[in-house]
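Subject: Handover of a structure

Hello,

Please find the structure below, handed over for your files. The notes after it go through what was found.

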Amino acid sequence: MPPPSPRCWREVPALPEPMEQFLDTAMDQVRWKRAKAPLRRELQTHLLDQQDACLEQGMAPEEAQAEAVRQMGDPVTVGQELDRVHRPQPQWGLLGLTLLLALTGGILRVGLTAAMPDAIQVPQTLLALLLGCGCLLGAYFLDYTFLGRYARAVYWGAVVLGGLSLLFSPNYNNASYYTRYVVLLYPVAYAVLVYALRGKGWKGLVLAILGGVPLAAVAMLAPYLLGLVILLLTGALLLLCAAYRDWFGVGKHAGTLALVLFLLLCGAFCLCYGFSQGYFQKRLALLLNPEAEALGRGYMATAIQSALAGAQWLGEGTIGGFFEDSSTPYWMLVPESGRDALLTTLIHRLGWMPFLTLMLTVAGTLLWILVKCLRQKNELGRLVSLAVVLTLGLQAVSSLLLTLGYPFTSGTFPLLVGNLHSILDMGLLGLALSVFRQEKMPLPSLSSPLSGPPRRPVVTWRDGELVIALRRN
């Protein structure tokens with residue numbers, strides 16, 4: 001296969017002065033600094049194409065340059081039109097909702113645990129909220145495209161960071177404490193790896209699958225079951241999305257079918273192994289009938305279900321179910337009542353209505369983010385934002401199961417439970433909002449590089465409007 005044409009995104013050391021003046025004047029009208037360089041390249045490519053076309057018609061070089069500039073029109077008008085089309089898209093609504101939810105979580109943590117001996121301290125919560133806001137805004141104004149430019153460094157950096165956390169992090173409940181938080185960043189790191197392997201054919205697909213092994217190994221060594229489940233489910237969905245859109249270049253149907261068969265085989269193996277070891281039977285029995293081990297492994301589920309049995313629609317409830325006749329205070333009855341089970345405490349103290357209102361708000365926020373993810377036209381932006389919303393969504397599902405007395409694993413609800421968790425979640429949301437904010441950023445490739453030969457943008461005027469089209473080399 002011949003190499004791509006050098007005219008695709010070529011850099012010219014020195015353009016003729018009329019062209020330089022045109023580009024300078026047009027770019028002076030563009031206020032978004034990050035957009036200036038790619039827009040300048042687009043206009044420069046079109047100017048050179050126009051010049052070549054004029055030269056082919058027999059014009060002298062100086063005449064061809066002048067004609068190319070003339071055909072582009074008034075540089076001020078061109079620049080103003082580009083400025084109108086390409087500008088940041090502020091995400092004030094999602095930013096406000098994120099801050100509101102984080103503030104609500106802090107108030108609930110302090111208020112609901114005030115009567116407990118290990119009450120959450122106000123200064124600690126305020127510090128976490130300030131740090132979370134810093135991470136949210138820092139990620140929001142970040143140029144997320146650096147993840148694509150340094151994809152392999154980001155991936156291997158995440159692997160190394162996980163290994164270091166396993167070595168130096170303190171253990172809490174027989175688990176590496178800080179590794180749990182590192183693992184929650186792994187879906188984004190894996191999304192970046194999938195992006196870096198696009199267009200690599202079957203080799204890229206195989207490497208993308210194998211790339212999940214080091215990340216999963218860190219999660220297993222932590223051990224952190226929820227992080228492992230989030231990584232595996234998110235990774236599988238990202239791979240299916242990439243294969244269905246033929247990002248690897250092996251064919252849409254062939255890649256999707258091969259990946260589905262592989263995932264089914266892996267799932268069947270895990271199920272067979274789990275049942276052969278008796279793990280799933282024990283887990284299922286515990287979920288369906290926790291009272292059978294009410295004073296053992298099923299204690300937390302039994303205690304939560306007893307607390308919910310006496311909950312009111314609005315207002316403080318009583319303890320019912322298995323512990324109905326117990327005089328033990330609620331905070332002693334339900335483990336982690338101020339942390340992982342904080343939402344259960346919310347239901348017990350304030351009732352079902354405030355809980356459902358809060359859950360609907362969170363669900364609406366995540367659904368809003370998901371819709372914006374699916375509308376992204378840039379491959380990297382779609383993968384990164386999808387990894388973020390899946391990570392937060394799966395955390396929320398796990399925490400809800402625990403809240404309702406069906407603890408699959410320990411889980412923290414996004415933004416509402418846990419100081420360090422809230423900081424991390426706000427940083428992840430900021431990264432997704434950075435993608436949405438830069439939705440109008442002109443990119444070097446306006447279409448998938450896998451859909452055929454390289455394409456280049458062609459900027460033209462049509463009926464008084466600026467049109468940016470794609471031309472194959």
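Which residues in α1 meet α2, and which residues in α2 do they meet? On the α1 side they are Met19, Glu20, Phe22, Leu23, Asp24, Ala26 and Met27. On the α2 side they are Lys36, Leu39, Arg40, Leu43, Gln44, Leu47, Leu48 and Gln51. Please keep in mind throughout that this is a predicted model.

Helix packing

Two packed helices are described by the angle between their axes and the distance between the axes. For α1 (residues 17-28) and α2 (residues 33-56), the angle is about 145 degrees and the axes are 10 Å apart. Their crossing is right-handed. Sorted by class, the residues in this contact are nine nonpolar, two polar and four charged.

A second pair is α12 (225-244) and α19 (residues 379-403). Their axes come within 10 Å and cross at roughly 140 degrees. This crossing, too, is right-handed. From α12, the contact takes in Leu226, Ile230, Leu233, Thr234, Leu237, Leu238 and Cys241. From α19 it takes in Arg382, Leu383, Leu386, Ala387, Leu390, Thr391, Leu394, Gln395 and Ser398. The classes here are eleven nonpolar, four polar and one charged.

Cavities

Rolling a probe the size of a water molecule over the atoms shows where empty space is left. How many cavities of 30 Å³ or more does the structure hold? There are two.

The largest cavity has a volume of about 100 Å³. It is lined by 14 residues, and those closest to its centre are Ala102, Gly106, Ala128, Asn419 and Ser422. The lining is made up of seven nonpolar, six polar and one charged residues.

The second largest cavity holds about 70 Å³ of space. Its lining consists of Leu101, Val362, Thr365, Leu366, Ile369, Leu392, Pro414, Leu415 and Leu429. Helix α18 (residues 352-374) gives the most to this lining, with four residues. By class, the lining has eight nonpolar residues, one polar and no charged.

Thr365, one of the residues lining the second largest cavity, lies in helix α18. Is Thr365 buried or exposed? Thr365 counts as buried because its relative accessibility is 5%, and the cut-off for buried is under 20%. Leaving aside residues up to four places away in sequence, Thr365 touches Leu94, Leu97 and Leu101. Of these, Leu101 also lines the second largest cavity.

Leu308 lies in helix α15 (residues 299-309). With a relative accessibility of 12%, Leu308 is likewise counted as buried. Which residues does Leu308 touch, not counting those up to four places away in sequence? They are Thr344, Ile347, Trp352, Thr403 and Leu404. Thr344 is 36 residues from Leu308 in sequence, while the two are 7.4 Å apart in space, C-alpha to C-alpha.

Backbone points to look at

Most residues other than glycine have a negative phi, and most peptide bonds are trans.

- Ala222 and Pro223 are joined by a cis peptide bond, with omega about -20 degrees. Pro223 is found in the loop between α11 (201-221) and α12.
- Asp246 is not a glycine, yet has a positive phi of about 60 degrees. Asp246 sits in the loop between α12 and α13 (252-276). Its relative accessible area is 19%, so Asp246 is buried.
- Glu336 is another residue other than glycine with a positive phi, near 55 degrees. Glu336 is in the loop between α16 (330-333) and α17 (342-350). Its relative accessibility is 32%, so Glu336 counts as partly exposed.

Regards

Technical notes:
Residues are numbered from 1 along each chain as its sequence is written. This is a predicted model: local features need pLDDT of at least 70, side-chain atom pairs count only at pLDDT 80 or more; totals for chains, interfaces and linings use all residues. Side-chain values use heavy atoms; hydrogens and water are left out. On a 1 Å grid over the protein atoms alone, a cavity is a set of points where a 1.4 Å probe fits but cannot get out, and a pocket is an open set with protein on both sides within 12 Å along at least five of seven lines; lining residues have an atom within 4 Å of a point. Grid points are joined across faces, edges and corners, and a volume is the space filled by probe spheres set on the points. Ala, Val, Leu, Ile, Met, Phe, Trp, Tyr, Cys and Pro count as nonpolar, Asp, Glu, Lys and Arg as charged, and the others, Gly among them, as polar. Helices (H or I, at least four residues) and strands (E, at least two) are DSSP runs, numbered from the N terminus. Buried means under 20% relative accessible area, exposed over 50%, partly exposed in between (1.4 Å probe, protein chains only). Contact means heavy atoms within 4.5 Å. Axes are lines fitted to C-alpha atoms, for helices over the stretch in contact, and angles run from 0 to 180 degrees between N-to-C directions. A crossing is left-handed if the near helix is turned anticlockwise from the far one by less than a right angle, and right-handed if clockwise.
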